[in-house]
Amino acid sequence: MKPQRLLFNYIRSNWYLYAIAVSFTMTGNVIQSFYPKVIGDFTDQLELGDITRTAIVDYSLLLLAVGLSFGLLAGMGQYMIMRLGRRFEFYTRNRLFVHFMTLSENYYSKHGVGKWLSYVINDVTAVRESISAGINQTANATMLIISAVFMMLINDIPYYLIIACVLPLLVIPWIVTRFGPIIRGRSMKVQESLGKMTESAEEQFGGIRVTKKFAVEPIMIDRFGQTVDNIRDNQLHLVRVSSLFQALIPFLGALSFIVTILYGGYLTIHNTISLGNFVALTLYIRMMVNPLQQIGNVINTMQRSRASLTRINDLLSVESEIQDSLEAKPADLSHAGVAIRHLSYTYPGASKETLHDIDLTVEPGKTLGIIGKTGSGKTTLMKLLLRVYDSPEGTILFDDRDIHELTIESLRSQIAYVPQDGFLFSTTIRDNIAFFRRESGFEHVEKAARQAQIYDSIAAFPEQFETKLGERGITLSGGQRQRTSLARGIIKNAPLLIMDDSVSAVDAVTETSIVNSIRKERKSKTTILIAHRISAIKHADEIVVLNEGRIVQRGTHKDLLKQQGLYAELYTIQEEGSRHVDHVR
Ligand SMILES: Nc1ncnc2c1ncn2[C@@H]1O[C@H](COP(=O)(O)OP(=O)(O)OP(=O)(O)O)[C@@H](O)[C@H]1O
């Protein structure tokens, strides 16, 4: 795992923009620190009684100039920093999304998706807020404090008076270090519970149809409610401690102010400092309370976002287990056969072997049929062919080249895999079919739809191929969904087509015409057909029967019928089933 330093790298590559922004903010604050001095001088002149109308206008103009310059410079600084923060957010979300694409299926099946959504949404925003507010307010506050102290010193306010007045404020760093870790721990819990809620919401919406059919809404509401309660509890814990923290800082500001009035007032009465200096001192102390509170806020949000940043960096450090080897070369599978040699496979973390000593060959241009009971390892074998999971070296060969010697992109782009429950995107039917090659001509889309026997259904929709699916779109039946997904695989016209139980939801007549049309179209191309129904695979050049991860029978349909075994048993059951159906009809 390569540690990531996302924020550090971002700030480093934009350091000059940050430097310009910070210098704007700081200059603005230096100018702002003249404001108490102007009022102080005005008070002294007022006390001496030599104030004139012109002097009043001059002082007013001076204050206007201070206000305008501060507003302009600090505003520019803030704008630049906010803009940089938004760019960070945009850049990080994009980077996270690109990274999600590289992670393996195994990673998603272990960790779910909701958590990542939460990272993309909540964590990135938390970090953006903290860098924007953090840099802006820190620059504001530090410069204002330094300028204020400097101005007090050069204006003959005694250093001991300044120390006495500022002393209560110096407790702030101590408070911050006491509260920081507590706030960080609690905010991490809040983010985690937000992640769990997103995960739960995603799952519940995904399964809303099942929930409704089983009428278990109250159970689901309760289950979701628990995640929301968890957020509330964690947030209350956080709010309690951060409110106390927020309240302590203004309290210390008020203490400072009391000392200023008492001690400063005493020194003014005894003429140690002028009335103007006393007024300036109170204004400077007042001026310092806000920045100190801002520093507190910044540290608070920084603590909170540190947890988020750590999580994002950790996520970006995760590398996919499935990667191209350094020697990998693009594959050309157009005339390649597939050879599987003594392949045994156990899923990562699983205790039991899923496939055991699989040995088979698919000659180029031939069709292999695979049949077997549910859970016998058929899909697993296909996932290994696609390198969704990694097989042991030397067990899967394409044209005598080990699968690990081929680049993943070239391998997957030359295999069309059609699963049983192909996911359809919320876009048009045309886009779903032309998924692999968006620029495919309409005639190819139509042809694929015809081959998948879905053309007529699509043509019956008012908007035909432009019909939108999913949200705010039309809902397809299970069989229509399956055939649309099949058309998506067919249009790829790949050297190897894998149909993993992909006609299970269509009737036997349609299934036969789909299989026949695919046989005709793919005469010279390799096809692997996986099915539970013998009718779907009986024409294959070779059929293997899988049982509990082992090949228990192999041969042509005719050969297998002659043997006593699972195949003949399945055939009898399925034949009897169809005869029974015919009889009932
Ligand atoms: N990601 C995984 N991690 C661990 N075990 C898995 C994983 N995926 C599948 N399995 C297990 O591997 C075995 C074979 O599953 P597989 O999906 O390959 O069977 P199948 O023959 O395709 O079944 P079906 O006909 O029901 O689709 C099952 O026992 C399943 O629980």
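**Helices side by side**

The axes of helix H3 (residues 34-48) and helix H4 (residues 53-102) come within 10 Å and cross at roughly 170°. That makes H3 roughly antiparallel to H4, a term for angles over 145 degrees. In H3, Phe34, Tyr35, Val38, Phe42 and Gln45 meet Ala55, Tyr59, Leu62, Leu63 and Val66 in H4; two residues are in contact if their C-beta atoms, placed from the backbone, lie within 7 Å. The residues of this contact of H3 with H4 divide into nine nonpolar, one polar and no charged. Here Ala, Val, Leu, Ile, Met, Phe, Trp, Tyr, Cys and Pro count as nonpolar, Asp, Glu, Lys and Arg as charged, and the others, Gly among them, as polar.

A word on what you are looking at: this is a predicted model, in which local features need pLDDT of at least 70 and side-chain atom pairs count only at pLDDT 80 or more, while totals for chains, interfaces and linings use all residues. Residues are numbered from 1 along each chain as its sequence is written. Helices are DSSP runs (H or I, at least four residues) and strands likewise (E, at least two), numbered from the N terminus. Axes are lines fitted to C-alpha atoms, for helices over the stretch in contact, and angles run from 0 to 180 degrees between N-to-C directions.

H4 has another partner to look at. Helix H2 (residues 15-32) packs with H4 at an angle of about 155°, their axes 8 Å apart. H2 is therefore roughly antiparallel to H4. Among the residues of H2 that meet H4 are Leu17, Phe24 and Ile31, and the H4 side includes Val66, Phe70 and Leu84. By class, the contact of H2 with H4 has 15 nonpolar, eight polar and no charged residues.

Further along, helix H7 (residues 159-166) and helix H10 (residues 217-269) also pack at about 155°, with axes 8 Å apart. These two are therefore roughly antiparallel to each other. Leu161, Ala164, Cys165 and Val166 in H7 meet H10 residues including Val259 and Tyr263.

**Around the ligand**

Which residues are closest to the ligand? Of the 13 residues surrounding it, the closest are Tyr347, Thr374, Lys378, Thr379 and Thr380; a residue counts as near if its C-beta atom, placed from the backbone, lies within 6 Å. Helix H12 (residues 378-385) gives the largest share of this shell, three residues. The shell divides into two nonpolar, nine polar and two charged residues.

Notes
Parallel < 35°, antiparallel > 145°, perpendicular 65-115°, else oblique.
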